[in-house]
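Please look through the structure below before reading my comments. They are meant for someone new to reading protein models.

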Amino acid sequence: MSETKVIEVAGLTKKFGDFKAVDNISFEVEKGEIFGFLGANGAGKTTAMRMLTGLSKPSSGKGKVAGFDVLKESERIKERIGYMSQKFSLYEDLTVKENIRFYGGIYGLSRQQIQTKTSHILEELNLDQVGTKLVKSLPLGWKQRLAFAVSMVHEPEIVFLDEPTGGVDPMVRRQFWEAIYQAAELGRTIFVTTHYMDEAEYCDRISIMVAGKIKALDSPDKLKDQFEAGSMDEVFLKLAR
Ligand SMILES: Nc1ncnc2c1ncn2[C@@H]1O[C@H](COP(=O)(O)OP(=O)(O)OP(=O)(O)O)[C@@H](O)[C@H]1O
């Protein structure tokens with residue numbers, strides 16, 4: 001694997017019975033890139049992401065994530081990545097600090113490292129005042145920011161975000177994207193699925209999936225040129241109809 005490529009996938013396929021949920025997809029993602037993974041409901045995004053994160057075995061094809069084989073080294077991959085799912089995994093009945101401590105522990109951080117991380121996260125998210133509040137009392141936008149920070153508690157190389165900003169308004173989404181940019185500036189690679197076309201515009205490159213296949217892959221500007229479209233919305237409509 002080249003040094004700058006952190007994800008390399010060739011012919012990756014996932015079948016459920018005769019149905020191909022992901023059909024022969026190939027792409028590469030560079031270190032520090034914000035890579036958007038778009039597609040209508042049921043296009044196969046989550047299934048593809050589950051294969052990349054070592055949660056599901058491909059039916060065929062091959063791939064490497066953070067230098068490890070998706071078929072044979074899924075446990076190694078899990079150590080090197082962060083994952084924030086649609087139903088992000090914070091414990092609502094634990095406080096903000098307890099959640100950070102819990103995930104720090106799962107990822108094998110020492111007590112000292114957890115303490116440092118906790119102050120860091122609280123400071124960065126301006127959550128100092130609510131560290132001892134139960135997560136369920138926080139607004140959704142704050143929970144999403146916290147879930148993102150927690151998914152990076154072990155400083156992973158790549159973070160997978162599965163529709164991380166569902167249900168919040170554009171202003172709050174914009175704040176979340178500031179945090180994504182910060183992480184990418186530190187050299188972290190971001191792999192993000194979204195339904196929101198304004199978010200697609202924020203990505204370095206975007207792939208668009210239709211019925212299990214990748215139908216387009218390039219920067220937002222190049223895709224707009226290619227499809228003679230004024231916006232990503234239009235590109236998406238042209239492809240996905
Ligand atoms: N375990 C499974 N068994 C059978 N079919 C499945 C399974 N998981 C997913 N599918 C099917 O595979 C297709 C792709 O689903 P997937 O969840 O990957 O889509 P998606 O693009 O992530 O959609 P969404 O945006 O709704 O999350 C769908 O038709 C879904 O019904």
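Predicted model: local features only at pLDDT ≥ 70, side-chain atom pairs only at ≥ 80, totals over all residues.

1. Along the principal axes, the C-alpha trace spans about 50 × 40 × 35 Å.

2. Of the 241 residues in the protein, 37% are buried. When contacts with a separation of 6 or more are considered, 67% of them are accounted for by residues 24 or more positions apart.

3. The largest nonpolar core has 57 residues, and those with the most contacts inside this core are F160, I190 and F191. Helix α5, which covers residues 140–151, gives the most to this core, with six residues. If the neighbours within four places in sequence are left aside, F191 is in contact with I7, V29, F35, F37, I158 and F160, and F160 is itself among the residues with the most contacts inside the core.

4. Which residues are found around the ligand? They are F16, A21, G39, N41, G42, A43, G44, K45, T46 and T47. By class, this shell has three nonpolar, six polar and one charged residues, while helix α1, made of residues 45–52, gives the most to the shell, with three residues.

How values were computed:
Residues numbered from 1 in each chain as written. Near = placed C-beta within 6 Å. Helix = DSSP H or I, 4+ residues; strand = E, 2+ residues; numbered from the N terminus. Nonpolar A, V, L, I, M, F, W, Y, C, P; charged D, E, K, R; others polar. Buried ≥ 20, exposed ≤ 12 C-beta atoms within 10 Å, placed from the backbone. Contact = placed C-beta atoms within 7 Å. Core = buried A, V, L, I, M, F, W, Y, C linked by C-beta atoms within 7 Å.
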